[in-house]
Amino acid sequence: MKKLRFVLPLLAILIVVAASAFTHREQPKATLTVQAWFEYDGVGDPADASSYTYTSMDPGCDDATHLCSIQATIDPATYDPNDLNTAKPLEQSSNSNDITLQNLAQESEDFTIPVEDRVEFRQ
């Protein structure tokens, strides 16, 4: 009887531990804070994210007179992991680490001058 008094609690603990091993725990979603290159369409408002198209690399624009491309933080609301072409630049953010259209507009004097490694121009 004394053995049973120790075995039953131990058995109960083992059952709880075993059962908890099979419960589903939701993983926290990672925040997308990746910067990417976006080509400017040449006709829309440079401060509007819909005026840009995602590109997988620096388009290699020459520093000339017309806005060509920007490097900015991807807007997670536009990002589809199955289709990167849906990604658009983030327009504004309270996170100081984000590179937004609002920041780029200030740095480039409303997209009138190039900003090294972030705002490129072409002929």
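Okay, so before anything else: what we have here is a predicted model. The average pLDDT for the protein is 82, and 72% of the residues score at least 70. Helix α1, residues 2–20, has the lowest mean pLDDT of the elements, at 63, while helix α2, residues 101–107, has the highest, at 95. There is also a stretch at residues 28–32 where the pLDDT is below 50, and beyond near neighbours in sequence that stretch makes three contacts in the model. Where pLDDT is low, the predicted coordinates should not be read in detail.

Let's do the overall layout. We have two helices and four strands, and going from the N terminus the order is α-β-β-β-α-β. Of the contacts with a separation of 6 or more, 57% are between residues 24 or more positions apart. Of the 123 residues, 27% are buried. As for the surface, the protein exposes about 8800 Å², with 54% of that coming from carbon and sulfur atoms.

Now the strands. How do β1 and β3 pair? They're antiparallel, over five bridges, and if you want a spot to look at, Ala 36 stands opposite Ala 72 in β3. On to β3 and β4: these two also run antiparallel, joined by four bridges. There you can find Ile 70 opposite Val 119 in β4. So β3 has pairing with β1 and with β4, and β3 is mostly covered, with six of its eight residues buried.

The largest nonpolar core has 19 residues, and the ones with the most contacts inside it include Phe 38, Leu 67, Ile 70 and Phe 111. Which elements give two or more residues to this core? That would be β1 (35–40), β2 (52–55), β3 (66–73), α2 and β4 (119–122).

Have a look at Phe 111 in particular. Skipping its neighbours within four places in sequence, Phe 111 touches Pro 46, Ala 47, Tyr 52, Leu 67, Ile 70, Leu 101, Leu 104, Ala 105, Val 119 and Phe 121.

Next, the aromatics. The count comes to two aromatic pairs. Phe 38 and Tyr 54 have ring centres 6.2 Å apart and planes at 70°, so that pair is edge-to-face. Phe 38 is in strand β1 and Tyr 54 in strand β2, so the pair ties together parts 16 residues apart in sequence. Are these two buried or exposed? Phe 38 is buried at 0% relative accessibility, and Tyr 54 is buried with a relative accessible area of 15%.

The other pair is Tyr 40 with Tyr 52, with ring centres 5.5 Å apart and planes at 50°, so this pair is tilted. Tyr 40 lies in strand β1 and Tyr 52 in strand β2, so here the parts tied together are twelve residues apart in sequence. Both of these tyrosines, Tyr 40 and Tyr 52, are buried.

Now for some loop residues. Ser 51 is in the loop between β1 and β2. Why does Ser 51 count as buried? Because its relative accessible area is 3%, and the cut-off for buried is under 20%. Leaving out neighbours within four places, the contacts of Ser 51 are Glu 39, Tyr 40, Asp 41, Gly 44 and Asp 45.

Ile 113 is in the loop between α2 and β4. With a relative accessible area of 33%, Ile 113 is partly exposed. Beyond its neighbours within four places, Ile 113 is in contact with Glu 107, Ser 108, Val 119 and Phe 121.

Last one: Asp 75, in the loop between β3 and α2. Which residues does Asp 75 contact, leaving aside its neighbours within four places in sequence? Lys 88, Pro 89 and Leu 90. The C-alpha of Asp 75 is also 9.0 Å from that of Val 34, and those two are 41 residues apart along the chain.

And that's my tour, thanks.

Key:
Residues numbered from 1 in each chain as written. Predicted model: local features only at pLDDT ≥ 70, side-chain atom pairs only at ≥ 80, totals over all residues. Heavy atoms only, no water. pLDDT = per-residue confidence, 0-100. Contact = heavy atoms within 4.5 Å. Core = buried A, V, L, I, M, F, W, Y, C linked by side-chain atoms within 4.5 Å. Buried < 20%, exposed > 50% of the residue type's maximum accessible area, 1.4 Å probe, protein only. Areas by Shrake-Rupley, 256 points an atom, 1.4 Å probe, with all protein chains shown as cover. Pairing = 2+ DSSP bridges. Phe/Tyr/Trp six-rings, centres within 6.5 Å; stacked < 30°, edge-to-face > 60°.
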